[in-house]
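Please read through the structure below with the following explanation at hand. The text starts where two chains meet and then turns to what lies inside them.

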Amino acid sequence: MCGIVGLFLKDPSLEPELGALLSDMLITMTDRGPDSAGIAIYGGASNGKAKITVQSARPEADFDGLEAALTQAGLPVSLTVKSTHAVIACAADALGAVREALTKLRPDVRVMGSGESVEIYKETGLPKDVVSRFDVRSMSGTHGIGHTRMATESAVTTLGAHPFSTGADQCLVHNGSLSNHNNLRRELVREGMRFETQNDSEVAAAYLTAEMAKGKDLGEALTGALDDLDGFFTFVVGTRSGFGVVRDPIACKPAVMAETDRYVAFGSEYRALVNLPGIEEARVWEPEPATVYFWDHEKAA
Amino acid sequence: MPVFDLSNTPLRALNGALHGLSTGANDTEFEVVNPRGHHAVAVGIDSPVTVDVRGSVGYYCAGMNDGGTVTVHGSAGPGVAENMMSGTVVIEGDASQYAGATGRGGLLVIKGNAASRCGISMKGIDIVVHGSIGHMSAFMGQSGHLVVCGDAGDALGDSLYEAKLFVRGSVKSLGADCIEKEMRPEHLEKLAALLEKAGVPHARPEEFKRYGSARKLYNFNIDNADAY
């Protein structure tokens, strides 16, 4: 059992409240997953900048002097530390070089995610503690997804927490368990994907990244997942401008969605949605099995 | 009339009050406000009490109901009226998966749609859905009636025993050992009574088809020995 929440804003006036709304949704899902929690927030327009969210088991040692060290290496960055995580902002075209430099300067630092707009924070512990240590409430953005974890397939560690990000501005949260992840991981490794964990959900994330790298959009990649992934899943997926949901054909992992003129929201349970503005008038429905739902800020415009 | 506001009252206070009613009690009309998706609202009722829930509920609402009348003025999460013994549960909105699962008696009315596995392993309950139902509904249904005024999803009545299924719209697919059966006068009569009890407007029993067990899975068949 895990809890999933997601919020995709249509009304820009809600953007300053994204972090607060998602935080409340996530905390409501604590009893579905008290082991760990994570959240991905998409911050909107990037103006040629990129961000890398990194995590360290020894933040003082790893983050002190990192900004200066990268700048000295010819890569001007600004670094913002939030507890065990830090966000490194750099020029979009320097993203690859900064990630490469990181592996040499701070080999123990783990990259949680990177891209033009995503920031990812995840840790073990209760959702309310995870939300407050990263000050998620104060964050604004266009869309975001979150996860509360009750571990089944791999260890309770920071890296085993969701969301999983395996491509620029892409991330995935999962409720369920996959049964063909080992085989699929081998195939994806052969295609050049890299894995940080033995976790089944990371394989699903990498699968979608690999499919989208071949030119599919999020909707097409999710449709492919229905054929290629075996097991139980409700996925909520984020991209730079999009937000998607898919459930396996058996659909025993719960899901509720709500849509108004101002937002599209996802929750493992209706409880997670009850504090959203205008929920009383929202269209509330249960997503159909084996059916892909996705919304895109750029395609909607 | 006792009113329980679940935004400031623990669920246990509501359920405790419902369980504490003695025979002949006067205050038997309960109202629940601000349910906000709470789990296990009004479970374990064992007296002829009336409960009106003003809003949507989470898992297992009105589970094990024995004689109560529970109306949810909203939608219900998974497992509503699970293992009902007797009484009536009405959902004004939609119901999530396995509504009425394992129910042994009583009437469950869903005025919207029901999701997958509606009436799974039903054992005597009557379920009337004004809208449509999802896949694997009435799986292993043993007795009782499932009436669907809309459509049914995949694998309706898989491994069915003697539950009787009536569907007015289309059936996406029938499950193993479930077949369409002749609608005889006694079925039309029973269906008319259920539609009336469930307040279904504008649906005539003649518009429905009946589905039931082909009874081929009841006994060991030596020709299938290789499959075991």
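The contact between the chains takes 11 residues from chain B and 9 residues from chain A, where two residues are in contact if their C-beta atoms, placed from the backbone, lie within 7 Å. On the side of chain B that touches chain A there are 2 nonpolar, 8 polar and 1 charged residues; Ala, Val, Leu, Ile, Met, Phe, Trp, Tyr, Cys and Pro count as nonpolar, Asp, Glu, Lys and Arg as charged, and the others, Gly among them, as polar.

This is a predicted model, in which local features need pLDDT of at least 70 and side-chain atom pairs count only at pLDDT 80 or more, while totals for chains, interfaces and linings use all residues. Residues are numbered from 1 along each chain as its sequence is written, and chains are lettered from A and ligands numbered from 1 in the order in which they are written.

Chain B has 2 helices and 11 strands (DSSP runs, helices being H or I of at least four residues and strands E of at least two, numbered from the N terminus). Of its 228 residues, 51% count as buried, meaning that 20 or more other C-beta atoms, placed from the backbone, lie within 10 Å of the residue's own.

A nonpolar core is a set of buried Ala, Val, Leu, Ile, Met, Phe, Trp, Tyr and Cys residues joined through C-beta atoms within 7 Å. The largest has 85 residues, and Tyr207(A) is one of those with the most contacts inside it. Helix H7 (residues 200-213) of chain A gives the largest share of this core, 7 residues. A second, separate core of 68 residues includes Phe30(B) and Val80(B).

Key
Buried ≥ 20, exposed ≤ 12 C-beta atoms within 10 Å, placed from the backbone.
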